[in-house]
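Here are my notes on this model, jotted down as I went through it. Have a look at the structure first, then read on.

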Amino acid sequence: MIRTTTEQINRQYEFAAKIKKLYSHHTSAPLAMVDTYGCQQNEADSQRIRGWLTEMGFEQTDDEALADVIVINTCAVRENAENRVFGNVGALVHTKRRKGGEQTICITGCMVQQSHIAERIKKSFRHVDLVFGTHAQWRFPELLYNVLSEKKRVIDIEDCDGYIAEGQPVLREKGVKGWLSIMYGCNNFCTYCIVPYVRGRERSRLPEDVIAEAKELIAAGVKDITLLGQNVNSYGKDLGLDMDFADLVAMINDLEGDFVLRFMTSHPKDASKKLFDTMARCDKVAKVFHLPFQSGNDRVLKAMNRRYTSAGYLELVDYARSVMPDIVLTSDVIVGFPGETDEEFEDTLKLVERVGFDALFTFIYSARVGTPAAKMEQGTTKEEIQKRFDRLVQLQNDISAKRHESYVGKTYRVLADGHSDDIRFPLTGRTDGNRLVRFVGDDSVIGNFVNVKITGHNTWSLTGEIV
């Protein structure tokens, strides 16, 4: 891992100024569009890309036909996301043609950090001007300047452990929610996952830099802060300091201001009782925990290289509920991992019933080139995997409905964050447990915490009225 110097970041600001000068002959500000796929970490990365574009003099647009520069920030976790990217990138050949070729198309993110993907784009998508991986994102101004000034294609997918680059500009969407990256990369190498190969090794930001950004968010009116990392529970292990993730959570909790603090994602092998105890005593920390278990069968977990057992996972859940009885628990599950049998899948259903999750994010296994699992024999048909998936979804929907039914008649603090598509309940918000609430009220409450009495529910959300 390399920490960039102030001089290196300042050099990028110089390139941003040069790009601004290149567009100075325009009668109006040039336009840029950033299209983001995938996780919240990608959203946070895109905020920095937009920050750099603002430094270059660009204004933002959502219309690809109007954009002078288009940046597509990609995801590599599942095949569907990659297929969507290829389809949308292919369609951009028409927008570039309509602008007489005067449109610069850039692709970044996890997907293009893979050499075979970058090579495919190089050969088959000739209208793409710039390809830069996750490790090169902090040098976006320099790379874009090379494309614009030399009129040539640039591909930069440097293979390294990754960088920590402080001092980059950030352009956040207006609103009450904010992402705060505390670390990057992953050391876990789950056999199905491409993330360690495209994000590099775990590397933590210094606590003072995290705290400084948290203060900026609070000062800007953000009231829902989510700490981000591929495995936040590993925060600080690489710093050589006498502090861990639980300590960082406590430090942010103690900052002045009225806000709720969340985090994701956690790995069960690193989740500690200290963290649960810290959550329990910290008044601003949301009592919600996203703890992916992926499979309820120990043989499958070992084949996944998850490094915990189903019993160990259940022990964590039981302890969390012992110190936070009302904690909201959510998780990720993969259905159809290579070699999974019907009996092993039944163990997953049993674990879901035993825990009674508030919500699940369920996925059908997607083979990723370069991962160990991609070489494993499947042994199960797509039709059978789909049947298992449907059974899991139905089970969780039934559990979620019952969970939501228990909310009816109770009053919860809700952060009003926007408008609903349901005219009967025009506003939306989130409880501290991150449950979606549609409720009656006027726009004056948006951006504020309000008390909402829950009057109804469905499988995915709650409805209510301000008390």
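The points below go through a sheet, some backbone details, a cavity and a pocket.

1. Ground rules. This is a predicted model, in which local features need pLDDT of at least 70 and side-chain atom pairs count only at pLDDT 80 or more, while totals for chains, interfaces and linings use all residues. Residues are numbered from 1 along each chain as its sequence is written, and side-chain values use heavy atoms, with hydrogens and water left out.

2. Around strand 13. Strand 12 (residues 224–228) pairs with strand 13 in the parallel sense over five bridges, and Thr 226 stands opposite Arg 262 there.

3. Backbone spots to check. Most residues other than glycine have a negative phi, and most peptide bonds are trans. The bond from Met 264 to Thr 265 is cis, with omega near 0°, and Thr 265 lies in the loop between strand 13 and helix 9 (273–281). Arg 307 has a positive phi, near 65°, and is partly exposed at 47% relative accessibility (buried is under 20%, exposed over 50%, partly exposed in between, with a 1.4 Å probe and protein chains only).

4. The cavity. Where would you look for the lining of the largest cavity? Asp 45, Thr 134, Gln 137, Gln 168 and Tyr 184 lie nearest its centre, among 17 lining residues. On a 1 Å grid over the protein atoms alone, a cavity is a set of points where a 1.4 Å probe fits but cannot get out, a pocket is an open set with protein on both sides within 12 Å along at least five of seven lines, and lining residues have an atom within 4 Å of a point. Helix 2 gives the most to this cavity's lining, with four residues.

5. The second largest pocket. Its lining has 19 residues, and Asp 326, Ile 327, Val 328, Tyr 407 and Tyr 412 are the closest to its centre.

Technical notes:
Helix = DSSP H or I, 4+ residues; strand = E, 2+ residues; numbered from the N terminus. Pairing = 2+ DSSP bridges.
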